[in-house]
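The sequence and coordinates are shown below, and the discussion follows them.

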Amino acid sequence: MGGGVVLLIANKLGSNKFFKGCILLAPLIKLNIPFIAKPIVNLLASIMPTNRLPKFIIDENTMNSYIWNNSNYIKYISDSSYNKGGISYGENIRFRTLLSIIELSEQIQKELPKINYNVLIIHDKKDIVISKASIEMIKNKKYINIKDGRHDILANKPYIVTSHIINWINEDIV
């Protein structure tokens, strides 16, 4: 979700002598969910905002496997006393939180036509967390596909990602 928020902030800055572009790693611009999901989530969030998405829809272990490609890392994250359960903190997402993410992604999509700066997108085409179509909506982009990077591309392929970032800065920004 950080990538989409970066776009919102960057659009406020605009291209100038101090800001030349931004880097997005597997940016959450549009969730990969069916169209009908928002009205259902909206209804459930109004009735029971703190209740969690049922595990039969998606559980934290499945979600973690979509994000990380290393089973040892997934086990470490899931067993960590600091971050029990990994990205989902041991439980599925709350309905109100999910609705907020959907609404934020809608706001981000409205801002896409305003992009007037360079954007580096590093992403795995097989990432199923975000909609690939949303990336196509970004102009002025350089797109790099990282095979088997999954959603947390920096954790899964750190050396490849940082190499691409350094090259982009040196070639397109400086």
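## Two loop residues with positive phi

Ala-26 is located in the loop that runs between E1 and H2. The model under discussion is a predicted one. The phi angle of Ala-26 is near 45°, a positive value in a residue other than glycine. With a relative accessibility of 3%, Ala-26 counts as buried, because buried means under 20% relative accessible area.

A positive phi, near 60°, is also found at Asp-148, again a residue other than glycine. Asp-148 belongs to the loop between E3 and helix H7 (153-156). Its relative accessibility is 36%, and Asp-148 therefore counts as partly exposed.

## Overall architecture

The chain contains eight helices and three strands. Along the sequence these elements follow the pattern α-β-α-α-α-α-β-α-β-α-α. The chain has 174 residues, of which 39% count as buried. Its accessible surface amounts to about 10200 Å², and carbon and sulfur atoms account for 59% of that area. If contacts between residues at least 6 apart in sequence are considered, 69% of them join residues at least 24 apart.

| Helix pair | Angle | Axis separation |
|---|---|---|
| H1 and H5 | about 45° | 9 Å |
| H2 (residues 37-47) and H5 | about 135° | 8 Å |

The crossing of H1 and H5 is left-handed. On the H1 side, the contact is made by Gly-4, Val-5, Leu-7, Leu-8 and Asn-11, and on the H5 side by Leu-104, Gln-107, Ile-108 and Glu-111. Glu-111, a residue of helix H5, touches Leu-8 and Asn-11 when residues up to four places away in sequence are not counted. Is this glutamate, Glu-111, buried or exposed? Glu-111 has a relative accessible area of 14% and is therefore buried.

H2 also passes H5 in a left-handed crossing. Here Lys-38, Val-41, Asn-42, Leu-44 and Ala-45 in H2 meet a set of H5 residues consisting of Phe-95, Arg-96, Leu-98, Leu-99, Ile-102, Glu-103 and Glu-106.

One aromatic pair is present in the structure. It is formed by Phe-19 and Tyr-117 in an edge-to-face arrangement, at 5.3 Å centre to centre and with 70° between the planes. The pair links distant parts of the chain, as its two members are 98 residues apart. Phe-19 sits in the loop between helix H1 (2-13) and strand E1 (21-25), whereas Tyr-117 sits in the loop between helix H5 (95-111) and strand E2 (118-123). Phe-19 and Tyr-117 are both buried. The arrangement counts as edge-to-face because that class covers planes over 60 degrees apart.

Which residues does Ala-10 touch, not counting residues up to four places away in sequence? Ala-10 touches Phe-19 and Tyr-117, the two members of the aromatic pair. Ala-10 itself lies in helix H1 and has a relative accessibility of 3%, so it counts as buried. The C-alpha atoms of Ala-10 and Asn-116 are separated by 9.4 Å, although these residues are 106 residues apart along the chain.

## The surroundings of Ile-138

For Leu-112, the C-alpha atom lies 6.0 Å from that of Ile-138, and the two residues are 26 residues apart along the chain.

Terms used. Residues are numbered from 1 along each chain as its sequence is written. This is a predicted model: local features need pLDDT of at least 70, side-chain atom pairs count only at pLDDT 80 or more; totals for chains, interfaces and linings use all residues. Side-chain values use heavy atoms; hydrogens and water are left out. Rings of Phe, Tyr and Trp (its six-membered ring) pair if their centres lie within 6.5 Å; planes under 30 degrees apart count as stacked, over 60 as edge-to-face and the rest as tilted. Helices (H or I, at least four residues) and strands (E, at least two) are DSSP runs, numbered from the N terminus. Buried means under 20% relative accessible area, exposed over 50%, partly exposed in between (1.4 Å probe, protein chains only). Contact means heavy atoms within 4.5 Å. Accessible areas come from the Shrake-Rupley method with a 1.4 Å probe; for residues, only the protein chains shown count as cover. Axes are lines fitted to C-alpha atoms, for helices over the stretch in contact, and angles run from 0 to 180 degrees between N-to-C directions. A crossing is left-handed if the near helix is turned anticlockwise from the far one by less than a right angle, and right-handed if clockwise.
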